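Have the viewer open and follow along.

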Amino acid sequence: MSNDGKNLADIVKNVHRRLRQELYKTGDLESVWINHCRNVPCLKKYASSMHKLATEHWEQLRVSNPATSRINWTWSFLQYYFFSGGLQQHRQKSNSDTEWPKLILNESKVAVLDVGSCYNPFGEYEELDVLSIDLCPALESVYQCDFLNIPLGKTTVIDGQSVLSLATNQFHCIVFSFLLEYFPSPSQRWTCCEKAHLLLLREGILIIITPDSKAAHSNSKVMRSWREALSAIGFKRIKYEKLQHAHCMAFRKNSVESVLKAEDRELLASKMYIPQDFYNPSDSENEEKDEIKFTEAELAEGFTNLPLFDE
Ligand SMILES: C[S@@+](CC[C@H](N)C(=O)[O-])C[C@H]1O[C@@H](n2cnc3c(N)ncnc32)[C@H](O)[C@@H]1O
């Protein structure tokens, strides 16, 4: 990978790392997140670096080897599920008699919410009606919105370039592409997944893509833990594939509502961990304190192996 690509990937990874360090130092998740959202120069630098990294460097790889692309993977899954009988197959398997949402029949478009979109990579597909949102958009086609704190209600309200609220039971698909590992805490990842469940129509799809250049099995316990947590919300994993640089997963919203007790929610939220959550560079004993064991290499790198970075 070129030096330019490495520098851009470093900018992105350093923001993730700094958030984790701040949380470790203060233990105050709310203040860490508020301060981060106020740091506009940092958010803007991240947005332009991520945009450039994806469109100038990863795009080359997508052209030369389409099977490595998270965008292609997502599109081909959505084609299968919404236009080639996948939905009906899974409906039969789950013995559901739910009627197919009218929106699809009327407009022939899949309503997609792309969270943490950055540069609207799914805007290129005519069959998708995409609402792209980001904490700090890189392009005007993406609306500003902090998904962690956005109110959910009866209608989606957009004011200028910002989304002020999102309507529940509205979307056929929600995409978290390289989003969840941005957050320093499992509870924030869990909040995102719970919100996705409320926003999706029944039988809708949550796509989760998380970067990892290692072999599939090396982080299989992490992926299994996520699957268990999501299952408790009412999501069934119906597709998993390890691409060269990412885990790609499709979860189907099976149940309409999930009633979870506060203590269960806390336990389930902790299942949305990533290896770096356990890593503290200044305390080598930290690993010993945690129930879940990782090797030194896993702790140091974890999911921070962004595509192309280690080539
Ligand atoms: C690694 S980038 C991924 C960009 C794009 N989805 C892709 O696959 O290339 C993560 C993005 O998530 C955005 N993000 C982080 N927290 C967010 C939040 N709470 N609400 C909305 N977007 C958020 C960041 O601003 C950043 O653009």
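## The ligand and its shell

In this predicted model, the ligand is surrounded by 19 residues, and the closest are R70, G116, D134, D146 and S177. By class, that shell divides into 13 nonpolar, three polar and three charged residues. If you like to think in terms of cavities, the ligand sits in the largest cavity.

Start with R70, where a polar side-chain atom lies 2.7 Å from an oxygen atom of the ligand. The backbone takes part too: a polar backbone atom of L135 is 3.1 Å from a nitrogen atom of the ligand. At C145, a polar backbone atom is 3.4 Å from a nitrogen atom of the ligand.

How much of the ligand's exposed area does the protein bury? The ligand taken alone exposes 600 Å², and 99% of that is buried by the protein.

## Two residues with positive phi

Now for some backbone geometry. F178 is a residue other than glycine, yet its phi is positive, near 55°. You will find F178 in the loop between β7 (171-177) and α7 (186-199). Is F178 buried or exposed? F178 counts as buried because its relative accessibility of 12% falls under the 20% cut-off.

E203 is not a glycine either, and its phi is positive at about 75°. This residue is found in strand β8, which covers residues 200-211. With a relative accessible area of 1%, E203 is buried.

Methods. Residues numbered from 1 in each chain as written. Predicted model: local features only at pLDDT ≥ 70, side-chain atom pairs only at ≥ 80, totals over all residues. Heavy atoms only, no water. Near = heavy atom within 4 Å. Polar contact = N/O pair within 3.5 Å; in protein donor to acceptor, adjacent residues only side chain to side chain. Areas by Shrake-Rupley, 256 points an atom, 1.4 Å probe, with all protein chains shown as cover. 1 Å grid on protein atoms, 1.4 Å probe; cavity = no way out; pocket = protein on both sides within 12 Å on 5 of 7 lines; lining within 4 Å. Sits in = over half its atoms within 2 Å of the grid points. Nonpolar A, V, L, I, M, F, W, Y, C, P; charged D, E, K, R; others polar. Helix = DSSP H or I, 4+ residues; strand = E, 2+ residues; numbered from the N terminus. Buried < 20%, exposed > 50% of the residue type's maximum accessible area, 1.4 Å probe, protein only.
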